[in-house]
Amino acid sequence: MGTRTVFALSFALEVVEIILCPVHILLRRGVRSNESEINAARACGPTRYSKLRFQSELRHESFAKFMKHYSNPALDLAVIGGGIVGLATAMTWLQTHPGQRVTVLETEARVGQHQSGHNSGVIHSGIYYQPGSEKALLCREGKTKLEAFCEKHGIRWEKCGKVVVATDPSELNSLERIIERADLNGVEFRRITTDQLRQLEPSVAGVDAIVVPETGIVDYRSVCDAYRHCIEEMGGSVQLGFQVQHLDADDSGVRMAGVDHNQSSGKFDIRARSAIVCAGLHSDTLVRQSESDASRSDTESLSEEVRIIPFRGEYYELRPERRGLCRNLIYPVPDPAFPFLGVHFTRMIDGNVECGPNAVLALAREGYRWRDIDVRYLQRTLGYSGFRRLIQKHWRKGLGEMNRSLRKSAFVTALQKLIPELRASDLIPARAGVRAQAVRANGELVDDFLFRSTPNVTHVLNAPSPAATASLAIARRVIEQHQNQNPNS
Ligand SMILES: Cc1cc2nc3c(=O)[nH]c(=O)nc-3n(C[C@H](O)[C@H](O)[C@H](O)COP(=O)(O)OP(=O)(O)OC[C@H]3O[C@@H](n4cnc5c(N)ncnc54)[C@H](O)[C@@H]3O)c2cc1C
C-alpha cells in the first residue's frame, strides 16, 4: 500500500472516529448516556477503540506517523478537581484562552462536594493574614472579584460585617496585632466601645472589639454551580464521576487515567497539553503520582516537602427560635499560632446560624464523622514524621479540640465566652467540613497558600481558608505561574 493511500485512509479514519466515538459510547451505555459522556468521548480523541481496531489492520511504517498525529494531546488543559478553586481556574483559563479545549475532571457526582460545599460561607475581608502573604493579597483581590461575579450572575450575597471580640483582658494584645494587620492589609475596620458592641450584637459579652463592615456571606455551592455554568457556556466541560488515579507528565503533555464512576468497570484515559491539579484533600496524592515521572528526578520531592492532614470542623446550629442570639458574624480574637481555631457564630445566607467549627484530626480524608475511618490512610499519616512532630508540639490543643468534639458541654462552654446566655438546649448538631491542611516534614502547618509546578503540571498544594473567598484570585495567580513555567501551555 503506498504512502499516499495510507494517509488518505488515515484521514478517512479520523472522520470515522469523530463520528463513531460518541456513538459507540452511546450504544455501549444505552439510554443512560448524557451530554457529559458524549463530551468525554470527544475529549478522548485518540480512543483505544480506534487504536485497537485499526492497529491490527494497518501495520505499515507510515502508520507510525499516523499514530503520532493521533497521539497529539486532545485537550489544551485538564483541571483535576471540581471544587471552587478548580472551577475558578478552568473558568478563568477559558476567559483568557477562548476556544481552547478545557475539561474539569471531578470524582464526585456534583461539583463543590467537599471543602467548597462544607464551609462557613464567609466572604473574608483579609484582616488576619500575614501582610504581604499570598493569603493576604489574594484574599483582597479575590473578595472584590467574587462580589462582582455574584452581582453579575445574580448570586445572593450580603455585606453584613463582623465583630471580632476580646472576651478577656489577656486577648487585648492579640487584638492590637489584628488591628496592625488590618491597617497593613488595607482592610476597613472600626474600633467600637462595649456599648456599641451591645447595639450591634446585644447578646455578646466582650471587653473590647472591632467591627469589620466589609465581611460578607454567600453560599459557596451556588458560586461553584455558577462557575460550572460559565465553563460550559464558554465551551469547556465538567466531567463528573471521573476520578484521576494516574497522572504521567512529560515534556509533550500529560496523560490522566482513572475510574469513570458513571459506569461499572468504567475507565478513562485522557491526554492534555498540560494540567492544573486542584484536588483539595487529595492534592498530595496527585503530587506523588506525577512525581513517578522521570522528569522529576532532578528536583526536590514535593510529596516529601508536605503532606495533607485533614482536620474536621464540626458545627452546631441555633434552634430557629434562638437565632436572635446572633445578628451577623461574631468571632473571637484568633490565636496567631492557630488562626483557624476558635469557634464563632455565623449567620448563613439562608438565615440559619451556625456555631463552630472546632478542629479535630479526621480519621479519613473525607472523614466527616468519627466513624469514617480509612486504616491505610491512617497508617501512612501516623508514619509521617511531620504528623508525629505536629502532635508532639500541639497535643494539648489537640486534646482540647477532641474534648469539644466528644462533649457538647465543652463546645457550649467555648461558645459561651462570646454569648454567655447560650444554653446547650439552644444548639442542634449540624454538618461538618474537613479542612485540607498541608503539614511540613518538620511538623509545621503550612500557613500560606502553596503552589508548585512540575513539567506541564501545576499543583495547588495548600488552599485552606480563605481560598473560597480568594478563588478567582488564586485562579489568576496559578494560571500565571503555570504559563511562566510552561511557556508552551
Ligand atoms: C469547615 C470549613 C470552613 C471554612 N470556611 C470558609 C469560609 O468561611 N470562607 C472561605 O473563604 N473559606 C472557608 N473555608 C475554606 C474553603 O472552603 C476551602 O479553602 C476551599 O473550598 C478549597 O477549595 P478547593 O477547590 O481547593 O478544594 P475542594 O472543595 O475540597 O475541592 C477539591 C475537589 O477535588 C476533587 N478531587 C480530589 N481528588 C480527585 C481525583 N483524584 N480526581 C478527580 N477529582 C478529585 C474532590 O472531589 C473535590 O471536589 C472553610 C473550609 C472548611 C473545611
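The model is predicted. The chain has 489 residues, of which 46% are buried, and its secondary structure comes to 15 helices and 20 strands. Of the contacts with a separation of 6 or more, 74% are between residues 24 or more positions apart.

**Packing of α5 against α15**

- Two packed helices are described by the angle between their axes and the distance between the axes.
- Helix α5 spans residues 84-96 and helix α15 spans residues 471-485; their axes come within 8 Å and cross at roughly 60°.
- This angle makes α5 oblique to α15, and the crossing of the two helices is right-handed.
- On the α5 side the contact is formed by Ile84, Val85, Ala88, Thr89, Thr92 and Trp93.
- On the α15 side these residues meet Ser471, Leu472, Ile474, Ala475, Arg476, Val478 and Ile479.
- Sorted by class, the contact of α5 with α15 holds nine nonpolar, three polar and one charged residues.

**Packing of α5 against α9**

- Helix α9 covers residues 220-233, and the axes of α5 and α9 come within 9 Å with a crossing angle of roughly 30°.
- With that angle, α5 counts as roughly parallel to α9.
- The crossing of α5 and α9 is left-handed.
- From α5, the contact draws on Ile84, Leu87, Ala88, Ala90, Met91 and Leu94.
- From α9, the contact draws on Tyr220, Val223, Cys224, Tyr227, Arg228, Cys230 and Ile231.
- The contact of α5 with α9 has twelve nonpolar residues, no polar residues and one charged residue.

**Packing of α6 against α15**

- Helix α6 runs over residues 134-153, and its axis comes within 6 Å of the axis of α15, crossing at roughly 115°.
- Leu138, Glu141, Gly142, Lys145, Leu146 and Phe149 are the residues of α6 in this contact.
- Their partners in α15 are Ser471, Leu472, Ala473, Ile474 and Arg477.
- By class, the contact of α6 with α15 divides into six nonpolar, two polar and three charged residues.

**Ligand shell**

- There are 40 residues around the ligand, and those that come nearest are Gly81, Gly83, Gly280, Gly433 and Ala467.
- Elements that give two or more residues to this shell are α5, β2 (102-106), β10 (242-250) and β18 (427-440).
- The shell around the ligand has 16 nonpolar, 21 polar and three charged residues.

- Gly235 sits in the loop between α9 and β9 (237-240).
- Gly235 is exposed because it has 12 other C-beta atoms within 10 Å.
- Arg452 belongs to strand β19, residues 450-454.
- Arg452 counts as buried because it has 20 C-beta neighbours inside 10 Å.
- Arg452 and Gln485 are separated by 33 residues in sequence and by 9.8 Å from C-alpha to C-alpha.

**Backbone exceptions**

- Most residues other than glycine have a negative phi, and most peptide bonds are trans.
- The peptide bond from Gly356 to Pro357 is cis, with omega near -5°.
- Pro357 is placed in the loop between β16 (353-356) and β17 (360-361).
- The peptide bond from Ser465 to Pro466 is also cis, with omega near 10°.
- Pro466 is found in the loop between β20 (457-462) and α15.
- Asn456 is not a glycine but has a positive phi of about 65°.
- Asn456 lies in the loop between β19 and β20, and it counts as buried because 24 C-beta neighbours fall inside 10 Å.

Definitions and conventions. Residues are numbered from 1 along each chain as its sequence is written. This is a predicted model: local features need pLDDT of at least 70, side-chain atom pairs count only at pLDDT 80 or more; totals for chains, interfaces and linings use all residues. Axes are lines fitted to C-alpha atoms, for helices over the stretch in contact, and angles run from 0 to 180 degrees between N-to-C directions. Helices (H or I, at least four residues) and strands (E, at least two) are DSSP runs, numbered from the N terminus. Angles under 35 degrees count as roughly parallel, over 145 as roughly antiparallel, 65 to 115 as roughly perpendicular and the rest as oblique. A crossing is left-handed if the near helix is turned anticlockwise from the far one by less than a right angle, and right-handed if clockwise. Two residues are in contact if their C-beta atoms, placed from the backbone, lie within 7 Å. Ala, Val, Leu, Ile, Met, Phe, Trp, Tyr, Cys and Pro count as nonpolar, Asp, Glu, Lys and Arg as charged, and the others, Gly among them, as polar. A residue is near a molecule or strand if its C-beta atom, placed from the backbone, lies within 6 Å of it.
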